[in-house]
Amino acid sequence: MPELCGIELATPVINASGTYDAIAARQAFGDALLEDFPFAAFVSKTITPEPRAGNPPRRIWETPAGMINSIGLPNKGLEGFLAEDLPRLAELPVPLIVSVMATTREDFARCIERVARRREVAAIELNISCPNVHSGLIVGENPSETEALLDALRPLTEKPLIVKLTPNTADPASVAAGAERGGADAVSLINTLKGTAIDPVTGAPALGNGYGGLSGPAVRPVALEQLRSVRARVELPIVGMGGISSGADAAEFLALGAAVVAVGTESFRDPRAGSRIATELESSLLSERSAEPVLDLD
Ligand code: RRO
């Protein structure tokens, strides 16, 4: 049975944070959603210590084989999430991973302490890689800052800490190594690649914030290469993602040594993509061959 940091999963397919609104889906589909939930674990949209309104519209722009988002982390804040959303997410029939972001170590610590106390939470993802929020030094671009953040957070919980890496840096493997030295239990990659677009009608930037993060099939080769380089550098389990839209795509990530895969942009097109990809994966030749990663990582 697939597992991530000791959390047993029915399939190796989970969702990428922020790409599937399970609370809205439950409202739309009712209890039928619980009987046939598309992912083997659910990762929440990232929360922050205080509520945020997010970026001005336009927030999404379609690109060749992908899209750029400039969502800007709208959320109810830590206390709003714990009071309103967590009880609803706890009704999902799969383990819950809560994604957290803050701009100081103290705020990160406050979030971890409050979230980790809740028994509904199986693991915590530390989002140190959002492309759409100005936070001074981006911790996730810097291996020693990442290590120091983990040094500060690691003692606060025994729950698994999964570090979401940014692809917007020259050497993601060094950041992964920093996370490993600091005591992370896993890394996940990739977050979106910084990108921009011009609205052909107005000639102005298409996104309200001027730029955003690119995702979808267009980024898959970049994600695979970053996975390859991170896999070669750290022993940690890896959640691999970036443009996965079929079982064959997912099998590529598993062949390169990902422990599980996450589906993001494809869920906007097909909300049942997670289940479909898990089924396709079962019959994928590559996934049979890759029970042990087969590719030379050097
Ligand atoms: O909310 C966002 O704009 C966002 C986040 Br937190 C993230 O981690 N990655 C992304 O592409 N968008």
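**Salt bridges.** My search of the whole structure turned up 20 salt bridges, counting a side-chain nitrogen of Lys or Arg within 4 Å of a carboxyl oxygen of Asp or Glu. Before going on, I note that this is a predicted model, where local features need pLDDT of at least 70 and side-chain atom pairs count only at pLDDT 80 or more, while totals for chains, interfaces and linings use all residues. Residues are numbered from 1 along each chain as its sequence is written, and side-chain values use heavy atoms, with hydrogens and water left out.

I looked at Arg26 and Glu91, whose side chains form a salt bridge at 2.6 Å, N to O. That pair ties distant parts of the chain together: Arg26 sits in helix H1 (residues 22-29) and Glu91 in the loop between H3 and strand E7 (96-100), 65 residues apart. Helices (H or I, at least four residues) and strands (E, at least two) are DSSP runs, numbered from the N terminus. Arg26 is partly exposed at 23% relative accessibility, and so is Glu91 at 45%. My cut-offs here: buried is under 20% relative accessible area, exposed is over 50%, and partly exposed is in between (1.4 Å probe, protein chains only).

Next I checked Glu145 and Arg105, which meet in a salt bridge at 3.4 Å, N to O. Glu145 belongs to helix H5 and Arg105 to helix H4 (residues 105-116), 40 residues apart.

Arg110 and Asp107 make a salt bridge too, at 3.8 Å, N to O. Both lie in helix H4, 3 residues apart, about one turn of the helix. I jotted down the background: an α-helix has 3.6 residues a turn, so residues three or four places apart point the same way.

I also found a network of salt bridges linking Glu266, Arg269, Asp270, Arg276 and Glu280.

Lys164 is in strand E9 (residues 161-164).

**The ligand.** I listed residues around the ligand (a heavy atom within 4 Å), among them Lys45, Ile71, Leu73, Cys130 and Thr192. A polar side-chain atom of Asn69 is 2.8 Å from a ligand oxygen atom, and one of Asn127 is 2.9 Å from a ligand oxygen atom. An N or O atom in the side chain of Asn191 lies 2.8 Å from a nitrogen atom of the ligand. Taken alone, the ligand exposes 320 Å², and the protein buries 92% of that (Shrake-Rupley method, 1.4 Å probe).

**Helix H6.** I count this helix (residues 172-181) as largely enclosed by the rest of the structure, because 8 of its 10 residues are buried. Its buried residues pack against helix H5 (143-153), E9, E10 and helix H7 (220-233). Just after H6, Gly183 takes a positive phi of about 100°.

The peptide bond from Pro57 to Arg58 is cis, with omega near 0°. Another cis peptide bond joins Leu189 and Ile190, with omega about 10°. Leu73 has a positive phi near 65° without being a glycine; this residue is in the loop between strand E6 (66-69) and helix H3 (77-89), and is buried at 2% relative accessible area. Cys5, also not a glycine, has a positive phi of about 50°.

Terms used. Contact = heavy atoms within 4.5 Å. Polar contact = N/O pair within 3.5 Å; in protein donor to acceptor, adjacent residues only side chain to side chain.
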